[in-house]
Amino acid sequence: MAISLNYRGDLKSKEANATVQWLKSSNKITLVEWCPTGFKIGLNEVPAVTLESDDIGAFSKNAVMIANNTGISRVFSKRIAQKYDIMYSQRAFVHWYVGEGMEEGEFAEAREDLGFLEKDYLDVLSEQPTDDVGDNAGDDAGDN
């Protein structure tokens, strides 16, 4: 759905952009329409710090990629939404939120937004191409 690339060290923005262009042109990833760029790039010219007792060697460049995909939709449906519903139905901790300035109507709005987010993930999941082979693939192969 979306990807964050974070680079540290001696790396030019031209190299980072070339990587993004390669990822987009390779057609190995599918990005959603509502995220215009699909990528967030972070550049930090200071290399990662190494410690004396660390087993990892010093590098002039390193990268971290965090990708958001449809596999995370279960977190919203099974964990967050379910726990939110239980919390709100039992009025647990609601007084804390109200005490901090949240109004009673905002709870329903927040739950609705969570439902929309969950639906967005499910819509993207249903739009994903499958690995199924076409219906007539191999029907007449070798029959001659």
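This section describes the fold, the aromatic pairs and the salt bridges of a predicted model. Local features require a pLDDT of at least 70 and side-chain atom pairs a pLDDT of 80 or more, while totals for chains, interfaces and linings use all residues. Residues are numbered from 1 along each chain as its sequence is written, and side-chain values use heavy atoms, with hydrogens and water left out.

The protein chain contains four helices and three strands, taken as DSSP runs numbered from the N terminus (helices: H or I, at least four residues; strands: E, at least two). Along the sequence their order is β-α-β-β-α-α-α. Of the 144 residues in the protein chain, 17% are buried, where buried means under 20% relative accessible area, exposed over 50%, and partly exposed in between (1.4 Å probe, protein chains only). The accessible surface of the protein chain is about 11300 Å², and carbon and sulfur atoms contribute 53% of this area. Accessible areas were computed by the Shrake-Rupley method with a 1.4 Å probe, and for residues only the protein chains shown count as cover. Among contacts (heavy atoms within 4.5 Å) with a separation of 6 or more, 73% join residues 24 or more positions apart.

Helix α4 comprises 24 residues and spans 36 Å from its first C-alpha to its last, close to the expected 34 Å at 1.5 Å a residue; the expected span is 1.5 Å times one less than the number of residues. Its buried residues are Phe107, Leu114, Glu118, Tyr121 and Val124.

A pair of aromatic rings is described by the distance of the centres and the angle of the planes. Rings of Phe, Tyr and Trp (its six-membered ring) are paired if their centres lie within 6.5 Å; planes under 30 degrees apart are classed as stacked, over 60 as edge-to-face and the rest as tilted. Four aromatic pairs are present in the structure. One of them, between Phe93 and Trp96, is tilted, with 4.9 Å centre to centre and 55 degrees between the planes. Phe93 is partly exposed at 43% relative accessibility, whereas Trp96 is exposed at 54%. The pair of Tyr97 and Phe107 is edge-to-face, because the ring centres are 6.0 Å apart and the planes stand at 85 degrees. This pair links helix α3 (residues 94-99), which holds Tyr97, to helix α4 (residues 104-127), which holds Phe107, across 10 residues. Phe107 is buried at 2% relative accessible area, while Tyr97 is partly exposed at 39%. Tyr97 and Phe107 also belong to one aromatic cluster with Tyr84 and Tyr88.

Phe93, Trp96 and Tyr97 make a nonpolar surface patch of about 360 Å². Patches consist of residues with over 30% relative accessible area and no salt bridge, with like charges joined within 9 Å and nonpolar side chains (Val, Leu, Ile, Met, Phe, Trp, Tyr) within 5 Å.

With a salt bridge defined as a side-chain nitrogen of Lys or Arg within 4 Å of a carboxyl oxygen of Asp or Glu, the count is two. Lys61 and Glu15 form a salt bridge at 3.6 Å, N to O. Lys61 is in strand β3 (residues 61-68) and Glu15 in helix α1 (residues 13-25), so the pair ties together parts 46 residues apart in sequence. Lys61 is partly exposed at 39% relative accessibility, and Glu15 is partly exposed at 34%. Arg111 and Asp85 form a salt bridge at 2.7 Å, N to O. Arg111 lies in helix α4 and Asp85 in helix α2 (residues 73-89), so this pair ties together parts 26 residues apart in sequence. Arg111 is partly exposed at 24% relative accessibility, as is Asp85 at 35%.
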